[in-house]
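Visitor: Could you take me through one part of this model closely, in a single connected account, and give each cut-off where its term comes up?

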Amino acid sequence: MESVSTKEKDNMTSHKRKREETTSIYFSDLTAIHYDPDTTEPISCSLKSLEELLSWKRNDASPFNVATVPLASRYPPLHSCPRRTLVSHDMKGGYLEDRFIQGAEVEMPYAFYHWEYIDIFNYFSHQMVTIPPAVWTNAAHKHGVLSIGTFITEWTDGAKTCEAFLADEESYRAAADKLVQISHCYGFDGWLVNIENVLSETAVKNTGPFLRYFTDQMHERVPGSVVIWYDSVLKNGSLSWQNELNDDNRMFFDACDGIFTNYNWTEQSLEWMKSYSAAQGRFADIYVGVDVFARGKVVGGKFETNKALELIRKYEFSTALFAPGWVYECHEKADFRQNQDKFWNLLSDFVYIHRPSSSLPFISSFCQGFGKSMYWRGQVEMKRNWFNLHAQEIQPLYLSENMDNGGWLRTRGCSEDAWIGGSSLMVEGMIPSGRSEVCARIFSLHIPLAPKTFVSFVYKPPVGVKISLELKTIDGPLCTFDGTEEIAREWSFRPCSLDILESQSEAVTFKNVHLICLICCVCFLLKMVGCSLRDVCIRVSRDEGDENVSFNCRIGEIMLLDAESLQAPLQAVEGICVNDVVWHTGTSQGDGHTLKVLLNATLRWQYPTQQVRHFRIHWRHLRGPDPRIPPGALTLIGRSYSTLYRVVELEVPAAPGLIELVVEPVSREGFRVPEAQWGRRTLSYSASSSENPSV
């Protein structure tokens with residue numbers, strides 16, 4: 001499998017918090033490969049050799065790279081989806097800005113957000129054991145998508161590796177066991193196995209048993225996981241890409257969960273596989289490869305990838321899209337969103353829309369995991385470019401629809417404004433003459449509603465049109481609608497009055513008619529029995545007249561909760577501790593003489609993560625060398641999406657001093673937890689000289 005780019009990793013240091021003029025590291029007990037050598041930021045990484053793999057121990061794993069989001073339920077589930085879509089993410093060798101687990105400062109990063117269309121996400125690189133960064137696994141799991149790593153051997157060194165680990169049963173079981181342990185430890189869902197080198201007679205004889213043992217162990221330790229073989233080596237050990245499943249490679253297919261074919265197939269290849277005996281009953285396990293870069297003699301690729309998918313689906317196979325980051329690498333970065341939306345919109349007729357099917361709550365602020373600023377409740381909390389896929393929320397459907405008479409409708413991510421995170425959902429278009437309204441379906445769901453469901457809808461109202469939120473249910477005959485009531489929230493940003501225009505069992509429409517605010521947050525209690533939510537739609541209707549009406553409306557957040565859950569008490573942060581402390585010192589840039597002390601440390605605490613959206617990490621100065629300086633106010637350091645946070649390059653007063661580190665939970669509903677329940681830890685430090693602080 002060829003990498004899509006051999007260029008050097010560009011802009012690799014643009015994200016870093018520069019440590020200019022600092023001089024010394026005084027104490028560290030950190031595993032070097034898991035932390036940036038300049039700043040001690042936690043990073044994701046691969047294993048580069050068989051020796052590293054076989055010597056791997058759970059104690060050596062990075063706690064920061066453990067995925068914390070469980071795999072969400074979706075409909076249809078993977079096992080019953082007859083035509084699946086796998087995305088293999090290969091970009092410039094991998095581990096770019098996405099390797100920074102707590103995020104990076106990047107002006108326009110690559111992010112994937114069309115999760116509703118795919119079943120499996122594969123993180124690919126040419127490192128032997130490619131472990132998906134936790135940011136990708138968490139984003140995939142949030143949408144019910146499997147995240148798998150890559151086990152790859154290539155060229156002469158790869159052949160030597162295979163001779164070693166495929167020498168006998170004991171050797172291949174040892175390698176498989178380590179791969180299983182790594183997947184289980186880091187919380188991802190399987191592996192793509194890519195052997196792209198010649199195998200000896202002994203090695204190829206043991207490859208089938210290795211795959212079978214590996215697959216069985218993965219299924220046992222990580223239920224629902226998959227092991228997929230890449231079309232490369234043949235049963236005689238030669239390296240020859242077949243571009244199909246056939247007698248020369250079926251032994252590998254028979255031993256695992258599927259095959260990812262090479263890209264130079266033809267329609268005749270698909271026709272042959274459709275009638276091939278080994279494929280019968282397993283069409284969904286044949287992932288026909290499509291190189292989005294369209295290298296070589298291939299069908300489709302680039303903005304004609306839909307032509308490849310049309311043929312693949314005609315013969316009822318799954319597909320594996322290799323390097324759809326082409327939309328980012330080969331085009332202007334400023335046009336990334338537009339090009340990615342165009343690419344997936346062209347494929348939309350040939351991919352399934354998967355519906356989230358978890359129980360309530362259902363919450364999304366539409367954050368795509370990056371932005372120009374970090375927002376909290378419509379206000380800028382941090383003004384700088386940022387990228388952190390941990391922050392990505394459940395993504396909507398990004399549609400582009402043309403209508404008769406020149407009308408059109410589109411939804412897209414917008415970083416110019418947001419409610420929470422880095423982006424809002426822009427609904428824009430034109431209502432043509434002759435139509436009174438248009439409707440954008442933004443979520444397709446399969447979520448049971450509670451007898452009393454709390455609904456919150458945040459948006460910026462446009463001029464000249466009216467906005468309605470429409471909820472559609474399934475199981476209409478069994479669904480009983482008992483009415484709604486408006487809820488006044490003291491914590492609403494800009495409460496507006498609510499009028500109910502229409503309600504029925506299969507579609508309930510809520511419309512705000514007193515638009516007297518810049519940001520509207522409307523809240524109501526929906527009373528329904530035996531109902532499941534199918535679609536969430538934004539309906540846009542003209543105010544008056546019959547002329548063409550252009551509009552754009554930013555949607556900030558949609559939230560549906562079981563009203564009973566609002567009564568649950570908020571818990572306090574417990575067990576907060578500080579460890580892995582590293583001090584840096586140097587002189588400030590101002591006069592070149594004033595001592596600057598920088599703290600790096602890991603905060604850990606206990607809190608039920610299913611109850612929070614994120615944690616806000618603060619610090620303040622309590623006491624320093626000058627007793628005349630009073631304690632300082634709390635200052636926000638950053639956000640954490642787990643019960644772990646690395647404080648990086650925090651400038652504190654010169655020793656001796658006393659500071660306080662504070663962890664503030666933010667509930668999933670957006671409640672600010674009372675300050676008495678925050679976690680606090682003081683840290684005192686002193687120095688035998690002003691240049692050598694210690695805890």
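Guide: The sulfur of Cys521 lies 3.9 Å from the closest cysteine sulfur, that of Cys523, which is too far for a bond. A disulfide is taken here as a pair of cysteine sulfur atoms within 2.5 Å, and by that rule the count is zero. The model is a predicted one, in which local features need pLDDT of at least 70 and side-chain atom pairs count only at pLDDT 80 or more, while totals for chains, interfaces and linings use all residues. Residues are numbered from 1 along each chain as its sequence is written, and side-chain values use heavy atoms, with hydrogens and water left out.

Cys521 has 2% relative accessibility and therefore counts as buried, whereas Cys330, at 42%, counts as partly exposed; buried means under 20% relative accessible area, exposed over 50%, and partly exposed in between, with a 1.4 Å probe and protein chains only.

Strand 29, residues 532-542, has ten of its eleven residues buried, so it is largely enclosed by the rest of the structure; strands are DSSP runs of E with at least two residues, numbered from the N terminus. Two strands pair if DSSP finds at least two bridges between them. Strand 29 pairs with strand 22 in the antiparallel sense over nine bridges, with Ser444 opposite Asp535 in strand 29. Strand 24, residues 465-474, also runs antiparallel to strand 29, joined to it by ten bridges, and here Ile474 stands opposite Ser532.

The lining of the largest cavity divides into eight nonpolar, four polar and three charged residues, where Ala, Val, Leu, Ile, Met, Phe, Trp, Tyr, Cys and Pro count as nonpolar, Asp, Glu, Lys and Arg as charged, and the others, Gly among them, as polar.

Terms used:
Helices (H or I, at least four residues) and strands (E, at least two) are DSSP runs, numbered from the N terminus.
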